[in-house]
Each structure stands twice: as C-alpha cells, then as structure tokens.
Number of protein chains: 2
Amino acid sequence: MDNLKELRIRNIEETKKKIKESVGFDDFIVQAINNIEEIKKVSNILVKRLREWYELYNPEFSREVSDHSKFVELILANKDKKIKESMGAELSKEDLNAIKELAKEAESLYKFNEKQEEYLKKIMEKNCPNITAVAGFLIGAKLIELAGRLKRLVLFPSSTVQILGAEKALFRHMKTGAKCPRHGVIVQHPLIASAPDSEHGKRARALADKILLAAKLDYFKGEFLGDKLRKELEEKFR
Amino acid sequence: MDNLKELRIRNIEETKKKIKESVGFDDFIVQAINNIEEIKKVSNILVKRLREWYELYNPEFSREVSDHSKFVELILANKDKKIKESMGAELSKEDLNAIKELAKEAESLYKFNEKQEEYLKKIMEKNCPNITAVAGFLIGAKLIELAGRLKRLVLFPSSTVQILGAEKALFRHMKTGAKCPRHGVIVQHPLIASAPDSEHGKRARALADKILLAAKLDYFKGEFLGDKLRKELEEKFR
C-alpha cells in the first residue's frame, strides 16, 4: 500500500516535470502572434467607438482621416482642426478631455502592439532564422501557430503549407466544388501580394516550398541559408 | 438663378446649424454607456489572453485567482508567488516582462473604465437627477441608450420600460408563446437582484413605474423628488 502511494506521488511529480519541460519557444511564438492579432482587433473596436463619440464634435475631421492610427495620433497632437462651418457641436472641455482619454487608450494599445511585434521578431530570429528570412516573422509565426508547433509544420507537405489559414475555403472547395484556394496566410507575403492575380498560384507554390525548406533547416538546427533561399525566390520572380 | 443658388447655400447652412444644435446631453450619455460596455468586453478579451500566456509560467496561480481584475492587480504588484512544485516553465526575465506589459494594458483599461463611470455619473446627476436617484446612473443611462433619447423614454408606457433590454426574450415570447420576460436591464437594480425570484415580477413593475415618473420629472425639469421616490420603493419592499 505504501509502495503504491509512493508510486503515485512519484508519478505525479514526473508528470509535472514533463509538463514543465514541454514548454518550448513555439509556445511563446504562438502566444505572441495571438496577442498581436487580438490587440489589433481590440484597438479597432476602441477606435471605432472613439470615432462615433468624436463625431459629435468634429465629424468632418473624422471622415477626412480614414486611417485609424493616424486619426488617433492627430487627435492627441491637437492637430484636429475644426472647420468653421462644422456640423459638430461645441463641447465642454470636460467632454473633450474624456474623448482624449479614450484616444490615449487606443494609442497605448498601438504602442504595445509594436512592442509585441519586436518581441516576436526577436524570438523568431533566434529560433527560426531561416523561416524569418524567407517568410518574414509575422507570416512565419502565423504558420507555426496554425500548425501548432514547428515540429508539426515541418511534417506537412508543401501543399498544406501553401494553404494553411485558408481552411474555410478549402472545405468549401471539398464540399461544394468551389475553387480550391491558392494560398492561405502566405498571401500577405510581398512576393505574392505585389504580384498580378494570375501569378498568385505559381508564386504561392514556390514560396511554400521554400518556407518548408527553411522550416526544416530551423527544426533540425541546420545552417543559415535563409537569405540565399529568399534571393533565389526573388530572382525567379523578378 | 442666383436666387436659387443663394437659397441652396442658406438651406445647407441652416441644416448644418440644426444638426449642430441637435447634439444634446442624451448623446453623451449614450456614448459613455456604450464606451463602458465596450471597454468591459475589450478588457475581458485582453485578460483572457493574459491568462493563457501567463499559464505557461504559473498555471496554479491563475487558476486560484478567478477574478480578472484581482488577477491583474496581483501580477502587477508582484504578488504572484509560484509554488515550488509548479507545472509552469521557468521563464526568462524578458518573457515575464512582456507578459507584465499586457497586464499593464488591461489595468489601464480598468482605470479608464472607472473614469468613464465617474464621467457618466456626473452627466446623469446633472441632467437626470431623478432617474439617477431611483435607478442608479448605470441602469438609468442604459435605459436612455435603449430608448435612444430621454424624450423617447418618457413617451414609453411603464410596461415597456420594465422590459427594455429584454427584446430577444420578448420576441421569443410573442413568436413561440414562451414565457414573457419580467424585466430587462432593470433586473440589475439591487431591489430586484437581491429579491427572491418569486418577487421579481412585482418589484420590476413597481420599479419601472417609479423610473418612468422620475424620467418625466427630469424631462420636464420638474423638482427633485428622486430620493423620495426611492424611499417609497424601499419601504414598500422592505
């Protein structure tokens, strides 16, 4: 009986240790990219609120500056000139201050997002230098997040890497016979985003190939060939 | 021709002026209560992210403190002791700092929310002292927001005020014959929230009556009877 009890305790200890050791750099990558996405969503919500509120005061200015972060910046810098014949109401200083407080919150989130991106970039460059060089740290991190871990990403065929993040379109394709997606998150890569639509499929295929190669180099701790791989791609599609 | 042109310009001027003058205190109440609700949502999203991230480091502590704002507070005060046999990984200082940054954002939103509530309370007490005394500034503001303006709220029958905010349940009732809702947002009022379930309907009815009376006093700039009305309610349901 005592032996059994001891065995149980040791077992729990062992399991806890294993859980502890199972936390790897992948986890931080996943957390960071999730943070970045969530913060973008949240700051958008806040700026939309800010605009609605602010438009009581100066609707013309809000309509003029369509970029969210620029809008926040200009308000906080007091560069939000009100035209003379504005439709907006005159606001008390207190009301205006309250509006600015909200703008400050949005600004603070923008800044935090920048910091998060730096943090993610650092982890990516340290642990996945090849992926980062080929795909960029944001797309690379998103691919790892979608795969779950670097190890799983490496085991995918390149055609899967190509459409990671387009699961919805893929299943629609399989179910209804709609067009098969040509790319998932890698569409944001400059090589694809800047190309004409007819080139997208070809480029996505080539890019996914290289990213997978880079991922394998990173996973098996191979040498750094990222820059070379990226140049090959760039030359191919010049 | 010239006359027509001038007429047009004057017309636009006139309309702009009317739009400008149409902004009333109701609008600020609506904005503030919307802000408060949105910020609550947003800070919840952030703290959920924070927890997921933090649990790589100290899962036991996160599970122990279930209150979101308490959790943030303790982390920022460095009172998040890690037990010796924790399942969480050891984290570098940089990783921990990044986590704390997120906690700071959440804290900042909590503080902003407090400020917003103060701001709303001030507007409510100034413009709707009777509603505020009877319903409280949060419920009062929410009722005005749901009605659109104080003017519209005043025109509702008391039975509508009673179930404002329970539209979904009301339409379910009308469509499927499910139970009719007994109260909308006023359910949060201490007089109802603290009562046994069987009393809810009766109290909601009485409360809605008094709120409507208070709203009319506020709208027609009558005298301040809010405290008296509240006391009557409290005595009735002692």
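Reader: What percentage of the 238 residues in chain A do buried residues make up? After that, please zoom in on helix H7 of chain A, at residues 137-147.

Author: Happy to! Bear in mind that this is a predicted model, in which local features need pLDDT of at least 70, side-chain atom pairs count only at pLDDT 80 or more, and totals for chains, interfaces and linings use all residues. Residues are numbered from 1 along each chain as its sequence is written, while chains are lettered from A and ligands numbered from 1 in the order in which they are written.

Your number is 36% of the 238 residues in chain A; buried means 20 or more other C-beta atoms, placed from the backbone, within 10 Å of a residue's own, against 12 or fewer for exposed and in between for partly exposed.

Chain A contains 13 helices and 0 strands (DSSP runs numbered from the N terminus: H or I of at least four residues for helices, E of at least two for strands). The pattern along its sequence is therefore α repeated, namely α-α-α-α-α-α-α-α-α-α-α-α-α. Along the principal axes, the C-alpha atoms of chain A fill a box of roughly 80 × 65 × 40 Å. Among the contacts of chain A with a separation of 6 or more, 62% join residues 24 or more positions apart; a contact means C-beta atoms, placed from the backbone, within 7 Å.

On to your helix. Of the 11 residues of H7(A), 9 are buried, so the rest of the structure largely encloses this helix. The buried ones are A:Phe137, A:Ile139, A:Gly140, A:Ala141, A:Lys142, A:Leu143, A:Ile144, A:Glu145 and A:Ala147. What do they pack against? Their partners lie in H2, H5, helix H6 (129-135), helix H8 (150-155), helix H9 (158-163) and helix H12 (200-219) of chain A. After H7(A) comes A:Gly148, with a positive phi near 105 degrees.

Chain B lets us view a helix pair residue by residue. B:Leu120, B:Lys121, B:Met124 and B:Glu125 of H5(B) meet B:Phe137, B:Gly140 and B:Ala141 of H7(B). This contact of H5(B) with H7(B) has 4 nonpolar, 1 polar and 2 charged residues (nonpolar: Ala, Val, Leu, Ile, Met, Phe, Trp, Tyr, Cys and Pro; charged: Asp, Glu, Lys and Arg; polar: the others, Gly among them).

Back in chain A, there is a division into domain 1 (24-126) and domain 2 (128-238), with bounds from an automatic or database domain assignment. Their centres, taken over C-alpha atoms, are 31 Å apart. Domain 1 of chain A puts 10 residues into the contact between them, and domain 2 of chain A puts in 11. On the domain 1 side, helix H2 (25-54) and helix H5 (93-127) of chain A each supply at least two residues, and H2(A) gives the most, with 6 residues. That side divides into 6 nonpolar, 1 polar and 3 charged residues.

Finally, the two chains meet through 31 residues from chain B and 31 residues from chain A. On the chain B side, helix H1 (2-21), helix H2 (25-54) and H5 each contribute at least two residues. By class, the side of chain B that touches chain A has 15 nonpolar, 5 polar and 11 charged residues.
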